[in-house]
Amino acid sequence: MFSVFEYVLIAFYVAGLLIVSRWIGQQAFSWMPPQATAEAQRVDDLFSFLVSIGAFILLGLVGVIVYAIVFHRAPPEDYTEGHPSRGNGKLEILWTATPTLLVIWIAFQSFNIYQQLNILGLNQIVHLHAPLESAPAYAATVSDVPKPASETIDVFARQWDWSFHYPNNLTSKELHLPSDRSTRLNMQAEKVIHGFYVPEFRLKQDIVPGRNIDIVITPTRPGKYRLKDSQFSGAYFALMEADVYVESLDKYNQWLAQTVSSETNPQNQAIAENIQPPKTLFKSGWYTVAPAQRAVANQRKINNDT
């Protein structure tokens, strides 16, 4: 049995672990790209908490191992086995109940954040029983006046190209979003699954063919970002990128008024890569789908039956 002094040392050790783990968790905020949406704060909070828990477990286990090595080393020439520890009901309950409650809490927080991101169109896939439309957007908790989605922008993902259709009938290869206003993105994919991913938005959403998936986001940090396709399931997915601009409402409206549909954009990067001569002496023979030509990549509407 432990003495009172040993219990005090264990308490100080655990307190030190909590302080150090909390500090490591706070450092995790700097590991992520800058937060560019109101919804990103909740995602980073959860990530910081997970890092703190992981650091506490890692440092605790390392501390126990070091303690056992330093103070409980077997004497030289002693090859006997240690006495097995069995039948400690309190210990069994502790290391079973604690991880269970922790995982349940993390799952609840993750589901809560998922609801607050206001992702619509997936209820037939994941069978969420809570109505997502009634979930308050997180922007309401960081803004004095809650703002509904100001407008809807259609996001089209196709082989291997992004295009965006705005309410004024403008089609562009650039995604422009007004700052500090909620915007609904109606995302559609033509033939295969694509992934809408902007690291600074903390948003990665699969776009499923045949479904209109809506996401409401509230950009808060003006600047230029990069949209990537998170589905690296084939050639040219890494080249499927687009510029994302978060700007003030006045600059956003000015861009809408002065920009014409981008039918004369430079050639798609995937097409440029596809027409290059092979860079190796040997051909693998692997089948590769050629990128769609510009006439297909720039069409304004998607026929989901193709």
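I started at Phe71, which is found in helix α2 (residues 40–71). Helices here are DSSP runs of H or I with at least four residues, strands are runs of E with at least two, and both are numbered from the N terminus.

I noted the ground rules next. This is a predicted model, where local features need pLDDT of at least 70, side-chain atom pairs count only at pLDDT 80 or more, and totals for chains, interfaces and linings use all residues. Residues are numbered from 1 along each chain as its sequence is written, and side-chain values use heavy atoms, with hydrogens and water left out.

**Surface patch**

I asked: is Phe71 buried or exposed? Phe71 counts as exposed, because its relative accessibility is 58%. The cut-offs are under 20% relative accessible area for buried, over 50% for exposed, and in between for partly exposed (1.4 Å probe, protein chains only).

Phe71 belongs to a nonpolar surface patch with Leu58, Val62, Ile65, Val66, Tyr67, Ile69 and Val70. Together they have about 780 Å² of accessible area. Patch residues have over 30% relative accessible area and no salt bridge; like charges are joined within 9 Å, and nonpolar side chains (Val, Leu, Ile, Met, Phe, Trp, Tyr) within 5 Å. The areas come from the Shrake-Rupley method with a 1.4 Å probe, and for residues only the protein chains shown count as cover.

**Core**

I then looked up the largest nonpolar core, which has 33 residues. Such a core is a set of buried Ala, Val, Leu, Ile, Met, Phe, Trp, Tyr and Cys residues joined through side-chain atoms within 4.5 Å. Among the residues touching the most other members are Trp162, Phe164 and Phe201.

What does Phe201 touch? Leaving out residues up to four places away in sequence, its contacts (heavy atoms within 4.5 Å) include Ala36, Leu177, Ile217 and Val246.

**Salt bridges**

How many salt bridges does the structure hold? I found 8 (a side-chain nitrogen of Lys or Arg within 4 Å of a carboxyl oxygen of Asp or Glu).

Glu190 pairs with Arg158, with the closest N and O atoms 3.6 Å apart. Glu190 sits in the loop between β6 (183–189) and β7 (194–198) and Arg158 in strand β2 (residues 152–158), so the pair ties together parts 32 residues apart in sequence. Glu190 counts as buried at 11% relative accessibility. Arg158 is buried too, at 1%.

Glu241 and Lys228 also meet in a salt bridge, at 3.2 Å from N to O. Glu241 lies in strand β11 (residues 241–247) and Lys228 in strand β10 (residues 223–229). Salt bridges with shared partners join Lys224, Arg226, Lys228, Glu241 and Asp243 into one network.
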